[in-house]
Amino acid sequence: MSSSPAISLGQLLIVGLDDPRWSSDLELRLRTLQPSGVLLLPRCLRTPGQTAALLARIAQACDAPPFLALTEEGGNTNPLKAFLPPLPAPHELARRGPKAVKKSGELIGSALALLGFNLIFAPRLDLSSPKAE
C-alpha cells in the first residue's frame with residue numbers, strides 16, 4: 001500500500017492533545033495527519049472512563065495503531081493524581097531501594113495500560129550526588 005507524502009510525514013509526529021473533548025474536527029485532523037502517536041496533556045484526564053474512551057477514539061481515527069502517551073514521573077509530575085493516591089517522587093523511591101523503584105514502575109505501568117495508554121514519557125534520568133541534596 002502506498003501512502004501520500006503528508007501521511008508519511010505524519011508518521012514522524014507524536015502530537016499533543018490538551019482538550020479532553022472528542023470532536024469531529026479532532027477526528028478529521030487525526031485522520032488527515034495520521035500521526036504515529038498522541039500525547040495527552042494532564043488537563044485531558046478527567047475520569048478513568050472519559051480517558052479510556054478518548055484513547056479508544058483516537059486509536060480508531062488512526063490507520064496504524066498509534067502510540068497513546070502520557071508523561072508520568074510521580075512527585076510533581078503526576079497527571080494521574082486525579083485517579084490514584086499521591087505517588088512518591090523518584091528520589092524518594094531511590095532512597096527506598098531498587099525493589100521500591102521496580103514496584104512503583106509496575107504499578108504506574110499497569111494503571112496506564114488499564115486506561116489504554118501504551119507509551120509513557122518518564123521517568124527521566126536524574127543523577128544525584130550528596131552535594132545536590
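**Stop 1: a pair in helix 2**

Select Arg31, which is partly exposed because its relative accessible area is 39%; buried means under 20%, exposed over 50%, and partly exposed in between, with a 1.4 Å probe and protein chains only. The model is a predicted one, in which local features need pLDDT of at least 70 and side-chain atom pairs count only at pLDDT 80 or more, while totals for chains, interfaces and linings use all residues. Residues are numbered from 1 along each chain as its sequence is written, and side-chain values use heavy atoms, with hydrogens and water left out.

The term denotes a side-chain nitrogen of Lys or Arg within 4 Å of a carboxyl oxygen of Asp or Glu. Both residues belong to helix 2, four residues apart, about one turn of the helix. Helices (H or I, at least four residues) and strands (E, at least two) are DSSP runs, numbered from the N terminus. Glu27 is partly exposed, at 26%.

**Stop 2: the second largest pocket**

Remain at helix 2, which gives the most to the lining of the second largest pocket, with five residues. The pocket holds about 250 Å³ of space. Of its 14 lining residues, select those closest to the centre: Gly16, Leu17, Asp25, Leu26 and Arg29. A pocket is an open set of points on a 1 Å grid over the protein atoms alone, where a 1.4 Å probe fits, with protein on both sides within 12 Å along at least five of seven lines; lining residues have an atom within 4 Å of a point. Grid points are joined across faces, edges and corners, and the volume is the space filled by probe spheres set on them.

**Stop 3**

Select Arg95 and Glu92 in helix 4 (residues 90-96), three residues apart. Their side chains form a salt bridge of 3.8 Å, N to O. Arg95 is exposed at 55%, and Glu92 is partly exposed at 28%.

Next, select Glu106 and Lys102 in helix 5 (residues 98-115). The closest N and O atoms of their salt bridge are 3.8 Å apart. Lys102 is exposed, with a relative accessible area of 56%.
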